Amino acid sequence: MSNIDINDIVYTPLSLDTSKHSKESINSTILELKSLIDKHLSEPYSIYVYRFFLNNWPELCLIAKYGDEIIGCIISKVETHRNVRIRGYIGMLAVNEQYRGLGIAKKLIDLNLNSMINTYKCDEIILETEVVNKTALKLYENFGFIRIKRLFRYYLNKHDAYRLILPINEKSTIRSTFSVILNKEELIESKY
Amino acid sequence: MTEILQENLSKLSINDKDTLKSSETKITSQVNPTVSSRANLKVFTDVTDSFFKIASKIPFGEVVKSNQFKLLEGTHALEILNPKLDSALLDLTDFDISSVKTLDEVNWIMMKLLGCLCSWLDNNSLSVSVLSCVYIQKLLLNYQNLEDPKLTFDEKPNGDVTDVILRAFSLGLLQFVKFVLKLGQSGVIYEEEDLNTQTMDLDFLTKVDVAETDNDLKVAIELIESNYGNEDGCNFCLKMLRLFEELLKCESLLSVNADLYTHSEFDSTFLSRQLQLLSELKDQQTYLDSLKEIPNCFSVNIQRQLNNRSPPKPLSCLPFAVSVESLIGMSNDLVSITKILEITDVIELYEYLTCFMNRRLNTNDPDEIIGNHVVARALMQLFLIRDDRSILGSRKWFISDMMLDLLYKVSLQNSKLSKIDTMPGFEVNDISYQKLLAQLESPFYNYLTSISQNPSRQRQFINKELILWDTLQVEAENFELELNPKLNDNFIDSNIPTMPVSSFVYYFKLVRMIELMFKSIELNLFKDLREINIGYWFLSYLIGYLTQHIVRLLDINRLRQTQISNYPKKIKKAKGDKKLKLKEEYESHKVYLDQFLRVETYLKYQMNKMELYKKLIELKLTTLQILNHQGYLKLSKLCRAPEELLFELQLKSYQSIGIPQLPTFKDYQDSLTKFNEVFDVLYKQKNFRYFKSFIVTKNDEINDDLEKLKELASDLHYNQLLTDDMMESFSLLKTSSLSSQETLSTLLKLLESEGPKALKVTIEKLNYHLYFPNISIELQ
């Protein structure tokens, strides 16, 4: 879409705050997000998957909007991994095909990484992507993500996946067995 | 608030008839009521109104759930009314099973069923493949009808082609599925990743003996032979029935009980017949193309009607030609398993297992990395290691014996430590020694189980194994260093202890460290030139350590040979009891002379192979570092992590290893800088003579190494299968070598004639050695 001014694209985290948004508007946003993801990702996700991410970490669900339309989103979470490090996880990323090539995915990842690094103090950020999805691989790998593991026939469509990790500090580079256990107050667990 | 709601919601149980009696309705199950999972669900209660009344009190944005689980666990749930997840939304189709009357129609169904079977073996579920056939569904439901179990499609079979031929074929196929399910459920391969063993709660003929089915197949074959002519349809049908007669014999591999290295007899002719039949079936495509499709004979019905734990999925059936090729692959892999029985010693067995592990299916898709057929992988482990930890079901050979055998061959034979149990004053040390040997079994077992895994899992198994070897090395070294002043088992004219156990552990640790790195290259974990450069640079470092260590093992081996050859002199000089004792020792030691010579050849072979790898890596590294000089190994501008952290994460598996210590990022950078400085001078002068002669020298050296490897391989007298695999590997190494030379040569020419122009650099895997993909360079 050549006539789009990328400066008109607004990036905001999901808000479940009923003092700022009507219940109908929140519900409609969630449905729109679900529809965008369902359309563009091969894996089928149930409502529980969305609720798990969105209700636990609404601020890590970043939405790209053009006018009133949701044109892209990234959905992530942060939890403690094996009690030794804080691990961010990018669960889903989708951009409406009409708006691709405008750097929207790049911007969503960039902002999402900022939140996970600055707000949650993540030691590493991980995700999985299909071996055949070269575009996604290039996108993440340009941010410094490294292929740490290959997962045989990981997806329902039988494709292998790579587990990618972006190390934020040296904790990410030490095997869990040899890492220092985090204090209780450092642990991050999901609310639900 | 949430607790009160949860309490209210828990009242919405379908058994709570007092509160919800008025809305009770009866719904009859759509499927056969005898299916156990549905047998208790004849009564449903409509709780919609009550549910919404209570749910309306939930505050907006709150999630109400039991405290007994995390919402994360709910993410695996199947969501009702979601078309991607709810199989109840699938449309049912009708099919009249009595409508199939002719042999051609039966043949079409058999062809499709073979495709479904192979699709299941290719990692699809039974529900979208084998069970999608209405006849299979009928047969299994009738079989598990509790009131009147029958092994027929229909209540009243009339003996037509479906009742005899299709039934026998279906039973044969289901028996084979039953056997593979057994393999899949034995815990040696991974559920869903390798094989989907969900049966939709159907009983796969657990109480039907294979002999009974074999008889059904024979009856069907006789019927065809006596009632039909020699037409294409008849031929096809006979071959398909006979194929399953032979496939059902695969299970016999699990009842083989053999002692290692005794060349035990096993009748594997059924595998040759399988291959013959499959080869003949390949020629039937023209006939199969003429057959008419039978609509709705295969459908999604079963996904909706029976206990389905998966989302709805389209049916999956491999084309006939692909199925036949897949089964040929399986049969060939099974043939290679039987070759274990021909192996003559543990050196050959170790090489064979490593070779089996590294076999890859040739595909034209560089993104697909597939090892041996899943049936062969599972069968291999169950064939090799039995429940009682015996090898091949032998009464003499257990995992610990095999491990000890290997340890003795590599470094322990004729050492003083190996006789510690007979030496007075070493009783306490002997207990520690036995404990140490027992600990060795753990990484060795891990190795044995890694061979049956898919390529991705193999790497994970090795990764786990490194910690085990590393811990053991520390323990073995401490033990041997402490004991040696008492034992005094040193190299001749030196105070350097031989340390046979530590040497063995260190050898396998280094070998596995190198394998892990090579497997990372094979699995494309190094995404670009910068990362591949790190990989090869570190490999070169590791190989340096391994070759040094092989020299040590060769020294131990030669020490033992010298000790044997020194006995006659010692005996000549000695007198009385001492002479007798030396004579006895000589007799007991010299029987191992041939073994030492063989192991010496084996170690030389390993040394040569590693030296060859190192030379190939030197060619790669030279190309990569010239590309680095030209700016092709830079990080992306968007990169959010410092290069040092990326380096450390990439080599994370090695961070904890004591020896050899992981080199630092600075070491790595220094090596790049050093190369850059030298190359920069030559580049400005356009003087690449050194590199051109470097290519010629490496070519000569690699060719010499390959020749030596072939000679050594021949001296090792391995079985034909192993020898063939080795020769194929040499051929791929040669191809990789030539392509690496060509790439470097092209790069130099481009720099010489074109200067610093934009280059297109690609990594190509197909037709190259797994560990040495080609780096192709051309002008953009």
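Me: In what order do the seven strands of the open sheet in chain A lie, and what is the pairing called?

Reply: The order is E1-E2-E3-E4-E5-E7-E6, and the pairing is mixed. Strands here are DSSP runs of E with at least two residues, helices are runs of H or I with at least four, and both are numbered from the N terminus. The model is predicted: local features need pLDDT of at least 70 and side-chain atom pairs pLDDT 80 or more, while totals for chains, interfaces and linings use all residues. Residues are numbered from 1 along each chain as its sequence is written, and chains are lettered from A and ligands numbered from 1 in the order in which they are written.

Me: What makes E1 and E6 of chain A edge strands?

Reply: Strand E1 (9-13) and strand E6 (146-151) of chain A each pair on one side only. Across this sheet, neighbouring strands are turned by 25° against each other on average, direction ignored.

Me: Why are E1(A) and E2(A) said to pair?

Reply: Pairing requires at least two bridges found by DSSP between two strands. E1(A) and strand E2 (residues 61-66) of chain A share five bridges, in the antiparallel sense, so they pair. Within E2(A), A:Leu62 is the bridge partner of A:Pro13.

Me: Which helices of chain A touch strands of the sheet?

Reply: Helix H2 (residues 47-56) of chain A packs on the sheet, touching E2, strand E3 (69-81) and strand E4 (85-95) of chain A, and its direction makes about 80° with that of E3(A). Helix H3 (residues 104-119) of chain A lies across E1, E2, E3, E4 and strand E5 (124-130) of chain A, at about 30° to E3(A).

Me: Why is chain A called as compact as a globular protein of its length?

Reply: Chain A has four helices and seven strands. Its radius of gyration is 17 Å, close to the 16 Å that the globule rule gives for 192 residues, so chain A is as compact as a globular protein of that length. The radius is taken over C-alpha atoms, and the rule is 2.2 Å times the number of residues to the power 0.38.

Me: What share of the residues counts as buried in chain A and in chain B?

Reply: The share is 40% of the 192 residues of chain A and 37% of the 780 residues of chain B. A residue is buried if 20 or more other C-beta atoms, placed from the backbone, lie within 10 Å of its own, exposed if 12 or fewer do, and partly exposed in between.

Me: Why are H14(B) and H16(B) called roughly parallel?

Reply: The axes of helix H14 (residues 320-338) of chain B and helix H16 (residues 374-384) of chain B come within 9 Å and cross at roughly 20°. Angles under 35 degrees count as roughly parallel, over 145 as roughly antiparallel, 65 to 115 as roughly perpendicular and the rest as oblique. H14(B) is therefore roughly parallel to H16(B).

Me: Which residues of H14(B) and H16(B) make their contact?

Reply: H14(B) provides B:Met330, B:Asp333, B:Leu334 and B:Ile337, and H16(B) provides B:Val375, B:Ala376, B:Leu379, B:Met380 and B:Phe383. Two residues are in contact if their C-beta atoms, placed from the backbone, lie within 7 Å.

Me: How many residues does each chain bring to the contact between the chains?

Reply: Chain B brings 39 residues and chain A brings 39 residues. Helix H5 (71-74), helix H19 (455-487) and helix H24 (643-650) of chain B each supply at least two residues of the side that touches chain A. H24(B) gives the most to that side, with five residues.

Terms used: Axes are lines fitted to C-alpha atoms, for helices over the stretch in contact, and angles run from 0 to 180 degrees between N-to-C directions.
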